[in-house]
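Okay, everyone, thanks for coming. Let me put the model up and walk you through a few spots.

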Amino acid sequence: MNLAQRLVIGYYRTKLSIFTRLSKRKAAEKALELFITPFPGKKMKSPTVFEKAEKLHLNFDSYKLVGYRWNHPQPKKALILHGFSSTVKKFDHFIMPLVKSGYEVLAFDAPAHGESSGKQVDVLRYKNMIASVYSQYGPFHSFIAHSFGGLALSLFMSEQTYQDHKRMVLIAPATETDTALHTFCDFLKIEPEVKEEMKQVIFEKSGKHSSEISVTAVATDIKAEVLWIHDEEDDVTPWADAEKIQLNNYPNFRFMKTKGLGHRRIYRDNKVKKAVLDFLS
């Protein structure tokens, strides 16, 4: 962590501490705003494959979404979904192999990410974005989703009545919202009472308890074939959460566990890439 990052973290810790003394409710609201605000990443050069894509634009709620499409039209379609504070451009290595397998491939930057507009996004809004993309450009046969995108996709798919012949690849999905909240609050030294108030705000805004916004809560409603890839040393979305689902032995879920790839290198690994393409082919 560099000096600039330490200063920013120190600023937010101090700010939330002041709000906590004034009002735990206000502190919770401010903390949640920060929780759903992606942090800016390094500016990356657009991969060549994206320069050759058909660029798509979709209005969703108050957002202007930017997406990309290759190999249109084809009977089979695949949708790529990225994680929090990320962009679909980090998944360029999947595109041409999918095209060679006969797929039409689409990828959208989520609200507040990449080239799409906005400053904040929660997972239920991401789920609704998937629904909007599906309605406009689907139906999709296959999905590749990482981290935050994996949770959003799981919530979306659990609500679909028709899932026959569909395939989902979940790479290090954010399995439990409660775990993400705990990690966030621990990192910013947010008091337990404020964390509980954050959960209350989530319930009031969404009608769902944070424990219900999880892959665990909806797994039984997912009937698509699922390939779940997770690293046992992942320090962002811990394997311990994923393992609970593995132990349920859902017949349509298969698991691939890696070691030493962590949360972000996992989707760039060649063995992982091969497993994904084999599964979708």
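One definition before I start: a polar contact here is a pair of N or O atoms within 3.5 Å, where, within protein, one must be able to donate a hydrogen and the other to accept it, and residues adjacent in sequence count only if both atoms are side-chain atoms. Helices (H or I, at least four residues) and strands (E, at least two) are DSSP runs, numbered from the N terminus.

Some housekeeping: this is a predicted model, with local features needing pLDDT of at least 70 and side-chain atom pairs pLDDT 80 or more, while totals for chains, interfaces and linings use all residues. Residues are numbered from 1 along each chain as its sequence is written, and side-chain values use heavy atoms, leaving out hydrogens and water.

So, helix 11. Where it starts, a side-chain oxygen of D269 comes to within 3.0 Å of the backbone nitrogen of K271. Buried (under 20% relative accessible area, exposed being over 50% and partly exposed in between, 1.4 Å probe, protein chains only) are V272, V276, L277, F279 and L280 in this helix, residues 270-280. They sit on the same side of helix 11 because they cover an arc of only 160° around the axis, taken from the directions from the axis to the C-beta atoms. Turned away from that side are the exposed N270, K271 and K274.

Now strand 4, residues 103-108: six of its six residues are buried. Y103, V105 and A107 point one way, E104, L106 and F108 the other. Strand 3 (residues 76-81) runs parallel to strand 4, joined by five bridges, with K77 opposite E104. In strand 4, L106 is the bridge partner of R69.

Note on methods:
Two strands pair if DSSP finds at least two bridges between them.
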